[in-house]
Amino acid sequence: SDTTCKYFLISHLEKFNRMYPGIKIRVVNRTSLQLVSILKNGLIDVGIVTLPIQDKAVQTNDFMEVEDMFVASDRFVSLKNKRISFEELMKYPLLMLQKDSATRYNIDSFLRKKGLEPVPEIELESIDLLIEFAKIGLGVAHVLKESAQSSIKNRELFQIGTKERLPKRKLGIITIGDVPLSHASAEFVNCLKKAPPF
């Protein structure tokens with residue numbers, strides 16, 4: 001996704017490009033489910049997706065864990081410096097990714113186990129847009145922690161404390177299980193696997 005690329009892959013792509021300047025890199029950004037589809041159609045060699053992926057044709061390797069959070073602007077100042085339940089949080093206008101994203105699937109599954117069904121005020125394809133919408137006070141946004149750090153530092157947003165922590169999500173490297181990778185793709189996967197955790 002654009003978020004994964006922006007916050008986690010850029011440095012790896014830069015390093016790989018320095019190591020192998022003659023290799024042409026093509027980057028396609030899509031949702032996790034779309035990446036699985038184009039991987040199976042042979043349009044990409046490797047994908048970085050939110051796990052789990054339920055497809056026997058696709059081989060997955062853990063890449064890293066990431067953390068999500070809920071953030072809001074001072075329009076929701078009553079939530080500042082408090083710890084609230086998810087049930088209480090559901091009463092506020094929610095800004096979330098669209099239902100076809102794996103990130104949204106994960107948060108929906110987590111909340112359903114608690115008997116909660118989120119009904120977002122606004123659904124978008126981009127976490128960066130969720131941040132912008134939260135900054136202008138349109139609601140409480142569910143976002144990747146790294147995507148909100150600069151807005152929190154600049155006091156445009158604050159993290160909403162919850163009584164229970166959100167579970168971390170896993171990002172994984174996907175390939176087609178029975179298709180050997182090209183030398184270039186295999187080297188890129190090796191670079192990702194050797195990378196220190198963020």
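# Note on a predicted model: helix contacts, cores and backbone features

1. Ser-151 is in contact (heavy atoms within 4.5 Å) with Ile-131, Lys-135, Glu-156 and Leu-157, when residues up to four places away in sequence are not counted. The residue belongs to helix H6, which covers residues 145–153. Its relative accessibility is 4%, so Ser-151 counts as buried. The accessibility classes are buried under 20% relative accessible area, exposed over 50% and partly exposed in between, with a 1.4 Å probe and protein chains only. Helices (H or I, at least four residues) and strands (E, at least two) are DSSP runs numbered from the N terminus.

2. The basis of this note is as follows. The model is predicted, so that local features need pLDDT of at least 70 and side-chain atom pairs count only at pLDDT 80 or more, while totals for chains, interfaces and linings use all residues. Residues are numbered from 1 along each chain as its sequence is written, and side-chain values use heavy atoms, with hydrogens and water left out.

3. From H5, Ile-127, Asp-128, Ile-131 and Lys-135 make the contact, and from H6, Ser-147, Ala-148 and Ser-151. Three of these residues are nonpolar, two polar and two charged. For this count, Ala, Val, Leu, Ile, Met, Phe, Trp, Tyr, Cys and Pro are nonpolar, Asp, Glu, Lys and Arg are charged, and the others, Gly among them, are polar.

4. A further helix pair is formed by H1 (residues 2–19) and H7 (residues 183–194), whose axes are 10 Å apart and meet at an angle of about 130°. H1 and H7 are therefore oblique to each other, and H1 passes H7 in a right-handed crossing. On the H1 side, the residues in contact are Leu-9, His-12, Leu-13, Phe-16 and Met-19; on the H7 side, they are Ala-184, Glu-187, Phe-188, Cys-191 and Leu-192. This contact comprises eight nonpolar residues, one polar residue and one charged residue.

5. The largest nonpolar core holds 30 residues, and Phe-63, Leu-130 and Val-143 have the most contacts inside it. Such a core is a set of buried Ala, Val, Leu, Ile, Met, Phe, Trp, Tyr and Cys residues joined through side-chain atoms within 4.5 Å. Among the elements that give two or more residues to this core are H1, H5 and H7, together with strands E2 (58–66) and E10 (169–176). H1 gives the most, with five residues. A second, separate core has 18 residues, including Phe-76, Ile-84, Leu-89 and Met-90.

6. Phe-63 and Leu-192 deserve a joint reading. Beyond its neighbours within four places in sequence, Phe-63 is in contact with Leu-9, His-12, Ile-48, Leu-171, Gly-172, Ile-173 and Leu-192. Leu-192 is found in H7 and is buried, because its relative accessible area is 2%. With the same exclusion of neighbours within four places, Leu-192 is in contact with Leu-9, His-12, Ile-48, Phe-63 and Ile-173. Leu-192 and Phe-63 are 129 residues apart along the chain, yet their C-alpha atoms are separated by 7.2 Å.

7. Most residues other than glycine have a negative phi, and most peptide bonds are trans. The peptide bond from Leu-51 to Pro-52 is cis, with omega near 5°, and Pro-52 lies in the loop between E1 (47–50) and E2. Asn-81, not a glycine, has a positive phi of about 55°; it lies in the loop between E3 and E4 (83–84) and, at 80% relative accessibility, counts as exposed. Arg-155 likewise has a positive phi, near 60°. Arg-155 lies in the loop between H6 and E8 (158–159) and is exposed, with a relative accessible area of 73%.

8. Lys-114 lies in the loop between H4 (102–112) and E6 (122–124). At 35% relative accessibility, Lys-114 counts as partly exposed. Residues up to four places away in sequence aside, Lys-114 touches Phe-86 and Glu-164. Lys-114 and Phe-86 are 28 residues apart in sequence, and their C-alpha atoms are 8.6 Å apart.

Note on methods: Axes are lines fitted to C-alpha atoms, for helices over the stretch in contact, and angles run from 0 to 180 degrees between N-to-C directions. Angles under 35 degrees count as roughly parallel, over 145 as roughly antiparallel, 65 to 115 as roughly perpendicular and the rest as oblique. A crossing is left-handed if the near helix is turned anticlockwise from the far one by less than a right angle, and right-handed if clockwise.
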